[in-house]
Amino acid sequence: MKDIFITPFVDMFAAPDFLLQVLWEGLVSGILYALIALGFVLIFRSSRIFNFAQGIMVVFAALTLVGFHAMGVPAWISVALTLGVMLALAVSIERIVLRPLVGQPDIILFMATIGITLFLIGFGEIIFGGENKVMITEELGIPTDSWVLEPWGGLLILEQKDVTAVIAAAMLVVGLLAFLNYTRMGRAIRALGDDSQAALSVGISLQTIWVLVWFIAGIIALVTGIAWGARAGVSFALEVIAYKALPVLMLGGLESITGAIIGGLMIGMLEKLFEIYWGQPLLGGNTETWFAFVLALIVLLFRPQGLFGEKIIERV
Amino acid sequence: MKDMTEGYVTADGRQIGGVLMEMKDITLRFGGVTAIKDISFDIHEGEIRAIIGPNGAGKSSMLNVISGFYTPQEGQVWYKGAPRPAMKPYEVARMGVARTFQNIALFEGMTVLDNVMTGRLNHMKAGILAQAVWWGKARDEEIENREHVERVIDFLEIQSIRKTPVGRLPYGLKKRVELARALAAEPSLLLLDEPMAGMNVEEKEDMSRFILDVNDEFGTTIALIEHDMGVVMDLSDRVVVMDYGKKIGDGTPDDVRNDQTVIDAYLGVPQE
C-alpha cells in the first residue's frame, strides 16, 4: 500500500524538476494524441463517420513531404505540394468511396475508412518503400536545440522542436475553433453533422463539405506527421499512435473539439506520470501501451458520453 | 375559371402577383407505387397556397418534388417562367426555395442563433481562405447577416432562447425555430410541411399568426401542407386538394369546401 499511495508522491515532491520534465514529455505526446483525435472529431462531427484512416493519413502526409524533399524540392515547396496531395486525396476519397455510400448505415462507412487505411498502407509502401525516413526538421526551419532550465536548482530540458510543436498545435486548434464557430463554412460543417436533410434544405452541399473536412483532416495529419516525425522518424509504425486517439476520444467524447484537446493532454500526461512513478517501480514498466485504455474504460463506466461529449437527451 | 396568369385580387382585397412556380403534369413513382399522378397547379407570387388531403394523398411527396428531394419521372417544375432542370435539394435551396419539415429537422447540437444563421448560408459569399482567417469581407458579411438574423428572431419572438441549444427546446418552439431558419434565407418561396402538426390550440394560433405576418410583412410566397382543415381554410388564399396521388380540387377555400368530390374524399362515400 505504501508503494502505491505514499512513495510516488514523496518522490514527486523530492524532485519537482523531474516531475516537471515528466509532465512536459507527457504534454508533448499528449498534444500529438490530441491532434489525431481532432482529425477524428472533425470528420465525425460533419458526417458521423468514424474515420479509422486518420492515423495512416498522418504517415502518408509525412512520407509525401519527405518524399518530395528527397526528389530535390525545397522544403517549403514540398509542404505546399504535400497539401496539394492531401487535397487530391480528399477529393478522391469523397468521389470514389463516400459518394456512392451516401445514406448507408454508419458501420458501412466505418468499414470503408478501414478500406482506405489498408489501401494507403499498401499504396504508400509501393511509392515510398517500407524503411524508416528522417523528417526534414531543420530544412523546415524548426529549431533543434534545447533549452536547459534550472527550476529549484534542478534540471529541466525543453527541446525546441517540441516547443515548436506545442505552439503550432495550439495555433492550429485556435484557428480551427474560430473557423468552425464564426464562419459560414464552419457552421455548415457543424450543421451537416447534426442533420443532413435539414442541411440540404438550407443549401449546404454534402459533397463540398465532405471534401473540405477531409482536406482539413489532411492538414492536421501533416502537422501531426511533421511534429511526430521530428521526434521519432517517419515510418509506418507511426500509424499505431492513431490507436491512442481512441481512448482520447472515449474520454473527450466524439463530438467535442475541446474534449479532444483536453482528453489528449490528460492521457499524454497521466500515462507518463503513471509509467514513471507507478509503472516502472511496481509493474516493471511499459504501462504506456495500455494505461490510456484502462483510464478510458473507467471514465466510460461513469460517463458513457465521455467527459465532454454532448449529453444524449431523448424525449420519450 | 377566369384567367389569373397576371395575378388576381383575394377576397380580403390583397393584390396577388403572377405565376411564381408551376407544376406541369407531375408524376412520381416509387417502384410500382404511384405517389403523384399527373398533377398540375401553380403558385402565384405573394399568395398563401395550401395543399391538403387525407393521409397518404401524396402531399409531402409533392412538397419534396418542389424542394428537389424527389425527382418526378414525368412532368416539369417551372420556376420564375422557365422549366427547372433536375436539381439537388441544395441547388433548389440556393435558388430561393426554403422549407421546413414535418418531423422538424433542426441542428440539435447548435444554438437557436446558429441554427437560424445557417439559413443565411446562401447569402454569404466570402472565399474559404478569407473565412479561415475571419478577415475583411468574411467579417463584414458575418456582421451584416447577423443583423438580418436578429430581425427574424425578433419577428418570431424567440429572443429569449437565442443562445439555447435547440435540443433542449419544447416541440412548439422548435417548429418556430425551424420557421425562423427558413425565413432567414429570405426565400422567394417558403414551403411549410405541416407547420401545425402536433401542436396545441394556443401554439396553432401563434403559428397561424406568424405565417400570416410573414406573408404580410415580407410578401413571402408560402406553400403549405396541413391536416387541420379549419386552419387551412382561414390561412390560405387558394387550396389544392389531393387524394390517392390525384388532384381532386383546386380553388379558393370556399370553392373547395363546397366541392362534392372533396367532401367525399374527406368524409367517405357510403357504399351501396
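Is the crossing of H4(A) and H5(A) left-handed or right-handed? Keep that in mind for the second stop.

**Before you start**

This is a predicted model, in which local features need pLDDT of at least 70 and side-chain atom pairs count only at pLDDT 80 or more, while totals for chains, interfaces and linings use all residues. Residues are numbered from 1 along each chain as its sequence is written, and chains are lettered from A and ligands numbered from 1 in the order in which they are written.

Helices (H or I, at least four residues) and strands (E, at least two) are DSSP runs, numbered from the N terminus.

**Stop 1: chain B as a whole**

Select chain B. Ten helices and twelve strands make up its list of elements. Its radius of gyration, taken over C-alpha atoms, is 19 Å. The globule rule (2.2 Å times the number of residues to the power 0.38) also gives 19 Å for 272 residues, so chain B is as compact as a globular protein of that length.

Of the 272 residues, 42% count as buried. A residue is buried if 20 or more other C-beta atoms lie within 10 Å of its own, exposed if 12 or fewer, and partly exposed in between; the C-beta atoms are placed from the backbone.

Two residues are in contact if their C-beta atoms, placed from the backbone, lie within 7 Å. Take the contacts in chain B with a separation of 6 or more: residues 24 or more positions apart account for 66% of them.

**Stop 2: H4 and H5 of chain A**

Select residues 54-70 of chain A for H4(A), and 75-98 for H5(A). Their axes are 9 Å apart, and the helices pack at an angle of about 135°. Axes are lines fitted to C-alpha atoms, for helices over the stretch in contact, and angles run from 0 to 180 degrees between N-to-C directions. H4(A) and H5(A) are therefore oblique to each other. The cut-offs are these: under 35 degrees is roughly parallel, over 145 roughly antiparallel, 65 to 115 roughly perpendicular, and the rest oblique.

Now the opening question: the crossing of H4(A) and H5(A) is right-handed. A crossing is left-handed if the near helix is turned anticlockwise from the far one by less than a right angle, and right-handed if clockwise.

Show the side chains. H4(A) brings Ala61(A), Thr64(A), Leu65(A), Phe68(A) and His69(A) to the contact. Among the residues from H5(A) are Val79(A), Leu81(A) and Met86(A). By class, the contact has eight nonpolar, four polar and no charged residues. Ala, Val, Leu, Ile, Met, Phe, Trp, Tyr, Cys and Pro count as nonpolar, Asp, Glu, Lys and Arg as charged, and the others, Gly among them, as polar.

**Stop 3: H7 and H10 of chain A**

Select H7(A) and then H10(A), residues 206-232. Their axes come within 10 Å and cross at roughly 165°. H7(A) and H10(A) are therefore roughly antiparallel. This crossing is left-handed. Lys161(A), Ala165(A), Ala168(A), Ala169(A) and Leu172(A) of H7(A) meet Ile220(A), Val223(A), Ala227(A) and Ala230(A) of H10(A). Eight of these residues are nonpolar, none polar and one charged.

**Stop 4: H8 of chain A**

How many residues of H8(A) are buried? Eleven of the eleven, so H8(A) is largely enclosed by the rest of the structure. Arg184(A), Arg187(A), Arg190(A) and Asp194(A) are among the buried residues.

Arg45(A), Ser46(A) and Ser47(A) of H3(A) touch Ile189(A), Arg190(A), Leu192(A) and Gly193(A) of H8(A).

**Stop 5: where the chains meet**

Show both chains. Here 22 residues of chain A are in contact with 30 residues of chain B. H7(A), H8(A) and H9(A) (196-201) each supply at least two residues of the chain A side. H8(A) gives the largest share, seven residues. This side has eleven nonpolar, five polar and six charged residues.

**Stop 6**

Most residues other than glycine have a negative phi. Ile104(B) has a positive phi of about 55°. Find Ile104(B) in the loop between strand E8 (97-99) and helix H3 (112-118) of chain B. Ile104(B) is partly exposed, with 19 C-beta neighbours inside 10 Å.

Glu157(B) also has a positive phi of about 55°. Glu157(B) lies in the loop between H5 (137-155) and H6 (171-184) of chain B. Glu157(B) is exposed, with 12 other C-beta atoms within 10 Å.
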